Structures are given as C-alpha cells and as structure tokens.
Amino acid sequence: MTNPMVEVRGVRKSYAGVEVLKSVDLTVNRSEVTCLIGPSGSGKSTLLRCINHLEKHDAGELRVDGELVGYEARNGKLYELSDKRVCEKRSHIGMVFQRFNLFQHLTVLDNVTIGQTQVKNIDREKARVKARELLARVGLDAKEKHYPAQLSGGQQQRVAIARALAMEPKLMLFDEPTSALDPELVGEVLDVMKDLAKSGMTMIVVTHEMGFAREVADTVYFLDGGIIEEFGDPQEVLTAPSSERLKSFLSKVL
C-alpha cells in the first residue's frame, strides 16, 4: 500500500481565540478526488489553506506526499521551514481560488507562463509551448493574446486551472472554484475539472456543487463548526446521510 497523498491528523486552527478547525482528520489517496462540503464558516477553506501552508495550523500534523507541511522534524522536535523552502514545496501543489487571482496586466499566455519561468526557471520558449498545450486542454487556445478583463469569469477560471497545471503539481486544491461564476458558466469549469479527475490528478475540492461531488468524488467530507460530521462514499453520504446536521444541510442545498 503506497502512502496517501494527503494526511491530516488532529489539525487545529484558531483565529482571535475562535477555533475554526477542531482536531480534524482526513486522508486523500493518490489519484483520488475528495470533496469538502458544508455551510459557510465550517472550516473547509481554512483546511485547504492549511494543506498548502497559506495558513499555519496551530496543532496536529499535516503531510503531503509523506512530507510534513511547513515544518521539518529534527531530533524529535519540529522546526518551521524558511519562506523559501515553503514556497519550493508549495510549487508542487496547485491552488485554484474562488476569485481567479490572475495577473490583470499580463496576457493569458503570460499568466500561464510566468510561474514556469520565475519559479521553476524553465526557458521562456519551452514554457510558452507548454502554456499553449494547457490552454488548448482547457479550450482557450484562441484566447492566448487576450487579457483577463477581456474574458468571462468561466474563461478566467479555466486560465487559472491551466496556470496551476503548468507547474506540474502532484496535488490540486480548488477553493469553491465556481461560486463566483454566473450559473451558465459553471459547467465549463466543472467539465475541465472532470477531465482532470479522469487523468488521475489527486484533487481536494471545496464545493457547493453537489452534482459534481456525487459524480466525480471518491470521498465526501461534511464539515460543520470546525469538525468533520460525516464522511464516506458520495452516493451514501449525499443520498442517505446519517447525521441530522447533514440531512438539514442537504435539504437546503439540493
């Protein structure tokens, strides 16, 4: 049995004395898609940001591909990694945000190229070849000279996915990637994510799209109040929930 891609053990996180993650455990195996569902403020996005060390967890242990996130163990003690080493490790984890986070002053092609040249020191022409391949994969090869402001929200999100993939990540994190989109644009982003799942990419997706979770996820975790209330096979969790809290949540979103 190979090691899981992501292991979360007893992770806690507080803001201003309010505990938003309360000893959370989660396992994501390689090539699996895990969906995190739950009401706003339940800790889903915080957990995702801790996995990428965009937020420092207060207690517990996080590992990605067998390695501690944000820390290293020496002589039985944990030491925080330097910013440089954190960035180096983070380059192996793709992150797609709710609000795209594209560079507005750069063309689509340059948005997908810049991480390769600046972080991975890849030759610019090689990076552009790869960027074009990825833009074709997300259906945007005709938009390479456009700027983000000239694109729809769905197109911008697909550029953001291409940009993340350009770094050749071993893990992709999606933080409510469709929640800022007009309803008719949601499908085009979900289609790209479904294609990514079929290709074997390990993915953790914070989402309110229950149809996507049911169709694509291997495991669904329901978070509420900073704890995992229920998790398991999406067919069981979403159609025959055992906790009253999940039943109540699903009655509002389905």
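The model is a predicted one.

Strand β1, which covers residues 6-15, pairs with β2 in the antiparallel sense over seven bridges, and the bridge partner of E7 in β2 is T27.

Because its relative accessible area is 2%, which is under 20%, L26 is buried. Leaving aside neighbours within four places in sequence, L26 is in contact with V6, E7, V8, R9, L36, L47 and Y221. L26 and L62 are 36 residues apart in sequence, while their C-alpha atoms are 9.5 Å apart in space.

## The six-stranded sheet

Another open sheet holds six strands in the order β8-β9-β10-β3-β11-β12, and here the pairing is mixed. At its edges stand β8 (93-96) and β12 (227-232), each with a single partner strand, so that one side of each is left without a neighbour in the sheet. From one strand to the next, the twist averages 15°. The strands β8 and β9 run parallel and are joined by four bridges, and I93 stands opposite L171 in β9.

Helix α9 (residues 244-253) packs on this sheet, where the helix touches β3, β11 (219-224) and β12, and its direction makes about 100° with that of β11. L246 is found in helix α9, and with a relative accessibility of 0% L246 counts as buried. Not counting residues up to four places away in sequence, L246 touches I37, F222, E230, V237 and P241. The C-alpha atoms of L246 and I37 are separated by 9.7 Å, although these residues are 209 residues apart along the chain.

## A helix with a buried side

Helix α6 has 16 residues (residues 183-198), which at 1.5 Å a residue should span 22 Å, and the end C-alpha atoms are 24 Å apart, which agrees. Which residues of α6 are buried? In α6 these are L185, V186, V189, L190, V192, M193, L196 and A197. They cover an arc of only 155° around the axis, which puts them on the same side of α6. In general, an α-helix has 3.6 residues a turn, so residues three or four places apart point the same way.

The face turned away from the buried side of α6 carries the exposed residues E184 and K198. What covers the buried residues of α6 includes β3 (33-37), α4 (124-137), α5 (153-165), β9 (171-175), β10 (202-206) and α7 (210-216). Just after α6, G200 takes a positive phi of about 100°.

Helix α4 also holds R128, and at 16% relative accessibility R128 counts as buried. Apart from its neighbours within four places in sequence, R128 is in contact with L109, D110 and T113.

## The cysteines

How many disulfides does the structure hold? The structure holds zero disulfides. A disulfide would need a pair of cysteine sulfur atoms within 2.5 Å, and the table gives the distance to the nearest cysteine sulfur for C35 and C50.

| Cysteine | Nearest cysteine sulfur | Distance |
|---|---|---|
| C35 | that of C50 | 19 Å |
| C50 | that of C87 | 16 Å |

C35 is buried, with a relative accessible area of 0%, and C50 is likewise buried, with a relative accessible area of 0%.

Technical notes. Residues are numbered from 1 along each chain as its sequence is written. This is a predicted model: local features need pLDDT of at least 70, side-chain atom pairs count only at pLDDT 80 or more; totals for chains, interfaces and linings use all residues. Side-chain values use heavy atoms; hydrogens and water are left out. Buried means under 20% relative accessible area, exposed over 50%, partly exposed in between (1.4 Å probe, protein chains only). Helices (H or I, at least four residues) and strands (E, at least two) are DSSP runs, numbered from the N terminus. The expected span of a helix is 1.5 Å times one less than its number of residues. The arc is that of the directions from the helix axis to the C-beta atoms. Contact means heavy atoms within 4.5 Å. Two strands pair if DSSP finds at least two bridges between them. Axes are lines fitted to C-alpha atoms, for helices over the stretch in contact, and angles run from 0 to 180 degrees between N-to-C directions.
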